Amino acid sequence: MKRFLLLFLVIILLVSSAACQSNTLPPIDELEPMQPPERTEVAYEFNAKLYYIMKDSGELSHEIHEVQIYNDEPVLITIMNKLLEKPKYDYHRNPIDSSYKLADIEVSEGVANVFFEGDTFNSNSYYDMKQYIETQAVILATLEPFGVNAVNVYINGVAPSYKSCPVGFAVKPADTLSKHISDTIDAYTDFSSLSEESPFTANCVIYVKDKSGYFLANKQHIVIKNEASNEELVRAILGRFLKLYNGVVSPEFTFTSIESNRHLGKYNISVTVEGNISDDSVLETLRAGIALTLTGYIPDLHYVTVIYENSSVAIQRKDYAKKIGGTVKVYYPYLLQDVLSVRNITISKGLACCTIKEFIEIYFASSVANYSIFTGMKEEYILDIYVNNGIAVLDLDKTFYEGLSKYINNENSIVDGNVSERLIIYGIVNSLTEVYYIDSVLFLCNGENIKTLKNVYLGAPLYKNIGLIYGA
């Protein structure tokens with residue numbers, strides 16, 4: 001019996017060995033690289049939840065719509081333009097005025113500023129305020145899957161008002177939408193009737209410059225308990241502004257005068273500042289931060305004039321709108337360690353409001369500042385990038401690959417070449433797959449397939465490698 005079992009085991013091992021040998025993958029050099037998918041106008045198609053209002057109950061309700069994301073258009077532009085269309089079902093209504101056209105979207109730290117152009121409305125009427133809150137609600141619910149947790153809606157470039165008060169950003173209702181609308185409208189009161197018992201809460205965004213030079217949204221809640229004018233509201237907001245700019249300006253820096261007037265026939269607020277400003281760049285930072293903050297909140301405000309010593313400059317929001325940024329999580333191979341380090345880079349108006357080419361260019365340009373082990377990532381090496389059905393096709397100049405090959409084959413390198421190759425390639429892959437419609441990355445060299453540089457096979461799309469991330 002034992003001899004039979006021994007013979008049986010030998011036969012099993014021989015069969016297994018033969019099977020393994022017959023299924024052995026060919027060497028990497030013999031693998032045929034995947035032909036890159038063609039560049040198409042549509043990068044990705046998916047089913048999105050678009051929110052509307054139920055006609056009978058007045059509550060939020062969604063529909064499933066097929067959305068096509070285009071290669072050269074930011075995601076949120078596509079989503080918002082789709083939301084402007086009529087609902088599919090008769091029991092839904094769209095609260096967004098049919099005359100409105102989407103002008104722009106800014107996303108910064110979860111705050112989405114949505115700009116519409118169209119017929120103005122009387123924001124002091126009950127119906128229009130209800131419609132405005134519904135508009136905020138459907139936009140917020142629709143954009144929430146894209147990292148949005150607060151929404152401002154602007155009409156013809158300016159913030160609206162209700163009963164002379166600013167409306168401010170909207171967050172997700174804690175209760176039903178109908179109760180939220182009723183409670184919000186009841187809570188509004190004229191500045192003239194403010195008291196300790198009936199204060200006004202200013203839910204505003206203050207823009208603070210980060211180290212990259214962009215201005216990031218900082219949500220603030222400012223309570224005003226005494227009779228107030230617009231100028232006094234501005235003073236309260238700028239008081240909070242100074243606290244957030246501590247270290248940028250000296251402690252004695254102050255706003256000595258705030259006045260409402262007209263500039264070129266439109267509403268303007270003049271702010272006079274005093275204090276020690278170290279150089280012109282600090283003054284420019286203050287002008288931008290003040291203008292973005294006030295025009296993003298004070299109703300009907302078109303201009304902000306900042307007066308300092310002999311300098312007086314009238315500013316519009318559009319003068320600095322491109323400096324509003326949003327942080328994005330990316331991955332760089334970290335100096336002296338065999339892991340990918342999670343970093344934040346800032347891009348104009350947020351990841352969902354930029355094109356993927358803008359995103360990858362900033363990723364490359366920020367590599368040195370984020371201590372990448374490879375300094376050969378330069379934005380001019382990016383020849384093209386497009387997406388087809390979840391595959392990002394990244395075409396890089398041969399100079400990039402030559403520099404990378406030289407780096408990973410350097411025997412005197414601090415980091416082992418096999419490790420550094422993997423980290424550099426997957427730093428790019430893991431970062432690009434942060435874009436929600438990118439699943440994998442296929443690398444090209446001057447429009448052609450490549451196989452390997454050292455050990456990582458580049459002839460097929462690469463997927464995110466979580467195991468390389470520090471702390472994952």
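User: How much space lies in the second largest cavity, and what makes it a cavity?
Analyst: About 50 Å³. The word applies to a set of points, on a 1 Å grid over the protein atoms alone, where a 1.4 Å probe fits but cannot get out. The volume is the space filled by probe spheres set on those points, which are joined across faces, edges and corners. By this rule there are two cavities of 30 Å³ or more. Bear in mind that this is a predicted model: local features need pLDDT of at least 70, side-chain atom pairs count only at pLDDT 80 or more, and totals for chains, interfaces and linings use all residues. Residues are numbered from 1 along each chain as its sequence is written, and side-chain values use heavy atoms, with hydrogens and water left out.

User: Which residues line the second largest cavity, and which strand gives the most?
Analyst: Tyr132, Asn152, Val153, Tyr154, Ala159, Pro160, Val167, Gly168, Gly296 and Tyr297 do, as lining residues have an atom within 4 Å of a point. Strand 6 (residues 150-155) gives the most, with three residues; strands are DSSP runs of E, at least two residues, and helices are runs of H or I, at least four, numbered from the N terminus.

User: How does that lining split by class?
Analyst: Seven nonpolar, three polar and no charged. Ala, Val, Leu, Ile, Met, Phe, Trp, Tyr, Cys and Pro count as nonpolar, Asp, Glu, Lys and Arg as charged, and the others, Gly among them, as polar.

User: Why is helix 7 called oblique to helix 9?
Analyst: The axes of helix 7 (residues 356-365) and helix 9 (residues 417-432) cross at roughly 140° and come within 11 Å. Axes are lines fitted to C-alpha atoms over the stretch in contact, with angles from 0 to 180 degrees between N-to-C directions. Under 35 degrees is roughly parallel, over 145 roughly antiparallel, 65 to 115 roughly perpendicular and the rest oblique, so helix 7 is oblique to helix 9.

User: Which residues meet there?
Analyst: Phe359, Ile360, Tyr363 and Phe364 in helix 7 meet Gly427, Ile428, Ser431 and Leu432 in helix 9, contact being heavy atoms within 4.5 Å. They divide into six nonpolar, two polar and no charged.

User: What makes helix 5 oblique to helix 6?
Analyst: The axes of helix 5 (residues 230-244) and helix 6 (residues 280-295) cross at roughly 130°, so by the angle rule helix 5 is oblique to helix 6. That contact has seven nonpolar, two polar and no charged residues.

Terms used
1 Å grid on protein atoms, 1.4 Å probe; cavity = no way out; pocket = protein on both sides within 12 Å on 5 of 7 lines; lining within 4 Å.
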